[in-house]
Amino acid sequence: MKKLIKINNKKFCFYEDILNDDFMNNHLTRPIVSEKYPFIRQKIYALFSFIIYYLIALPILTIVCKIRGIKVINRKELKKTRKVGAFIYSNHTNVFDFFTIQSYVERHKRVNAIGYSDSTSIPIGKHFIHQLGYIPIPNNIHAMKNFMEAIKYYIDKKQDILIFPEAHVLPYYTKIRPFSATSFRYPASLNAPVIPIVTTYYKSKFKKKPNIKIIIGKTIYPKKELSERENKLYLRDECYKEMVRISSSYKQYEYIKYIQTDPES
């Protein structure tokens, strides 16, 4: 249970469980994703997908990012994985994280994203989200095979896949939350590189909300001498360490101060 209050123009968020409390309250349902879901975009919609992605979404979102004054640090690191499919792992502090990374950070490759099925409950928007590359996590065991095949398909196509290992959006949070190794089974099984990316916040001179710097960390590769399970844990540990290093290396502005409370108080 969380509670957001404002005291003397300063925002405070009181929470009990920072890993599981719902900080967004988007009120969206989480539909069942069955084995019939088109995880791989159908070729019949290839032209439609191209138009939506490259001719509409990317130009508009790029302009929006420029207007917002978003800065990207160390973009040259992305050149290392330009010719292969990679997994991008990022902290999740804004509802627009997917679009920002997709359109403004990794501009030279197509980026897909893995997430909960909430977005598939939006009547019209779900079709656009699908064409933009959103891949819902199955909550039906029978759909898992098709889901995994789609992940491999896009990596083989030398596209990137964006994952938010923290799972939930925590607005303007300036630290890295602990996350499990579960999602790292994808790069471990496909022998694909991992790119840590961290969104940071710094005080603006002209507006109340902070400005954004997105920092790209060093690329991490699976080790040939390790088993798939060992690589899953190795990639998770190295990615977490790199994200914490980045987050703590920059002086950030705490737009919302998060305070943990005693659940029994």
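Figure 1. One cavity of 30 Å³ or more is counted. A cavity is a set of points, on a 1 Å grid over the protein atoms alone, where a 1.4 Å probe fits but cannot get out, and lining residues have an atom within 4 Å of a point. Grid points are joined across faces, edges and corners, and volume is the space filled by probe spheres set on the points. The volume of the largest cavity is about 50 Å³. Its lining consists of R68, N94, F96, D97, T100, T199, Y201, I212 and I214. At least two lining residues come from each of α2, β8 (194-202) and β9 (211-216); helices (H or I, at least four residues) and strands (E, at least two) are DSSP runs, numbered from the N terminus. This is a predicted model, in which local features need pLDDT of at least 70 and side-chain atom pairs count only at pLDDT 80 or more, whereas totals for chains, interfaces and linings use all residues. Residues are numbered from 1 along each chain as its sequence is written, and side-chain values use heavy atoms, with hydrogens and water left out.

**Figure 2. Helix α2.** Helix α2 spans residues 97-105, and nine of its nine residues are buried, so the helix is largely enclosed by the rest of the structure. Buried means under 20% relative accessible area, exposed over 50%, and partly exposed in between (1.4 Å probe, protein chains only). The buried residues are D97, F98, F99, T100, I101, Q102, S103, Y104 and V105. Among them, D97 and T100 also line the largest cavity.

**Figure 3. The second largest pocket and Y172.** A pocket is an open set of grid points with protein on both sides within 12 Å along at least five of seven lines. The second largest pocket has a volume of about 400 Å³. Its lining has 22 residues, of which N94, P171, Y172, K209 and Y255 lie nearest the centre. β2 (10-15), β9 and β10 (256-260) each contribute at least two lining residues. Y172 sits in the loop between β7 and α5 (185-190) and is buried, at 14% relative accessible area. Its phi is positive, near 60 degrees, although Y172 is a residue other than glycine. Most residues other than glycine have a negative phi.

Figure 4. A salt bridge is a side-chain nitrogen of Lys or Arg within 4 Å of a carboxyl oxygen of Asp or Glu; the structure holds nine. E242 pairs with R245, the closest N and O atoms being 2.9 Å apart. Both residues belong to helix α6 (residues 228-249) and are three residues apart, about one turn of the helix. E242 is buried at 5% relative accessible area, while R245 is partly exposed at 45%.

**Figure 5. Two further salt bridges.** D237 and R236 form a salt bridge with closest N and O atoms 3.1 Å apart. D237 is partly exposed at 35% relative accessibility, and R236 is buried at 18%. E254 and K257 form another, with closest N and O atoms 3.7 Å apart. E254 is partly exposed, with a relative accessible area of 26%, as is K257, with 32%.

**Figure 6. Cysteines C13 and C239.** C13 is buried at 3% relative accessible area, and C239 is buried at 0%. The model has zero disulfides, a disulfide being a pair of cysteine sulfur atoms within 2.5 Å.
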